[in-house]
Amino acid sequence: MYQLHCLRDRLGLATTVLEAADGVGGTWYWNRYPGARCDSESHSYCYGFSPELLDEWDWSERYPQQPEILRYLNHVADRFNLRPDIRFNTRVSAARYDEATNLWHVTTTSGETLTATYLITAVGCLSSANVPNIPGLPDFQGQWYHTGQWPHGGVDFTGKRVGQIGTGSTGIQAAPVIAAQAAHLTVFQRTANYSVPAHNAPLTPEFRAWVHSHQDEIRAVMKSTTNGHPFRIAERNVADVSPAERDALYEAAWAKGGLQFRATFKDLLTNKAANDTAADFLKAKIRSIVRNPATAAILADIDHPYAAKRPPIDDNYFDTFNRPNVSLVDLRRTPIERITATGIRTAEADYPLDIIVFATGFDAMTGPLFALGLTGRNGLALRDAWRAGPETYLGLGIPGFPNLFTITGPGSPSVLANMPVAIEQHVEWITDCIAHLRANHIATIEATPEAATAWSNQVDAAANATLLPQAGHSWYLGANVPGKPRRFMPYAGGMAHYRDICTEVATEGYKGLVMAKS
Ligand code: NA7
């Protein structure tokens, strides 16, 4: 929506947005599962480009629920009169660069073809639902849902036996809400996960007033930090303090709640010994909350460093396992064998179910781009170009795909940052770039293979300088989708640093990109 606003209203370009849904909102349109909330704080999870928009919108909670975020995005669409240039219910099936005309030909599932000088993907990083290929699913006689494709009318769990597969950020949000309604909830856990309480609460009038009067300061912090959040990461290392001080700091961070827990020390993501102290603290918390020791042991049996997978925040997740109507199945010990007509069968038992909830995540980052059926020069399909994993220049451009820009593409900070910050930075960079192309009568811009390879090596190096790749099964690496090549996809070198790199690339005449007049 911001890209449309920039291209249409700032550059005056004829701009069309193709949107598969019947409304705006993207992630917040599709992810309507129970408990769906943002885990960035509301005052930072919004556009910053318009002071008027910042002034006029008030959030109700520290972590807004999906309906509130969707309301906000609808407000943005109306406020900037974006709907007339968005074609809803329009899904792209293929997009091909035509060398003869230097145009992109975009085909929709209804058979229509549109042409465009510039093609910009704004398909999100987590929009291709991953429904695992578990044998027997078509035989299941109950209902099943993926959290990322949730029915608009909601799902009534009253009196139902529900099975939930997946304990990532989504599963951790959904389980407490489902458990409160269902007759019984069985959580099927493959990889145990850390979680820190969100301590969500309504925002006080004082806090809202403070936000409105400190926007510049808040935005400046968001622009200058690694993750684009409105808090700074502590300057101290774990070893700088005594074990007693360290634990007191963790207790304080736990009491405060939210993603800030990982900002307690600056070396939590780079030093395994430091990370172990956070991991031990969080595992002890799980054991102290969950009363059944066997259940607690399964939940606390976490095999990766804290925050090496996307760190969830929750609202009573672990306490949910103290409810009499909730049970936990350890898929590491007893894997799912198949889905039957009546439920889920593991190596050890049959679990009769009325509803199965797949909180099983997404074919992240590359999945949504592949789904567009992108084909560049010489008929090169993106799927073939990225057979060994994605290679981009800055996560914005791909060699062989002229005049294509990928908002929050692989190789950019994207999911490692507060998403609106990452999105706005890309949109503004792309807008400036297109303005430059038009002002200089440049017909094509295209990343060079050398620049993309060098950048991809930097992406690898940035990840390898952290503990992030140590979560071998994470979606950051593509490891959650069978057959997907394993390459760490987001840029882990920090949002602020990345912003500087992108600015330098532009000011130095778009180095790493070839521009041609015709
Ligand atoms: P995630 O974080 O990818 O979590 C998916 C969960 O589903 C995770 O626990 C997976 O276990 C589990 N999963 C996936 N496939 C299977 C199969 N076949 N069997 C059992 N369990 C499975 O997705 P979310 O939707 O929670 O979060 C995505 C992001 O959205 C989140 O990070 C935020 O950025 C917003 P695994 O860990 O792979 O063993």
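A polar contact here is a pair of N or O atoms within 3.5 Å; within protein, one must be able to donate a hydrogen and the other to accept it, and residues adjacent in sequence count only if both atoms are side-chain atoms. The model I present is predicted, so local features need pLDDT of at least 70 and side-chain atom pairs count only at pLDDT 80 or more, while totals for chains, interfaces and linings use all residues. Residues are numbered from 1 along each chain as its sequence is written, and side-chain values use heavy atoms, with hydrogens and water left out.

I turn to the domains. An automatic or database assignment gives domain 1 (2-13 + 82-128 + 364-424 + 448-503) and domain 2 (137-207 + 225-358). Their C-alpha centres lie 29 Å apart.

At the interface, 18 residues of domain 1 are in contact with 20 residues of domain 2, contact meaning heavy atoms within 4.5 Å. The two domains bury about 1400 Å² between them, 58% of it on carbon and sulfur atoms; this is the accessible area (1.4 Å probe) lost on being put together, summed over both. On the domain 1 side, Asn-418, Leu-467 and His-473 lose the most area, together 38% of what that side buries.

As for polar interactions, 6 residue pairs, both at pLDDT 80 or more, are in polar contact across this interface.

Finally, Gln-66. The backbone oxygen of Trp-28 lies 2.8 Å from a polar atom of the Gln-66 side chain.
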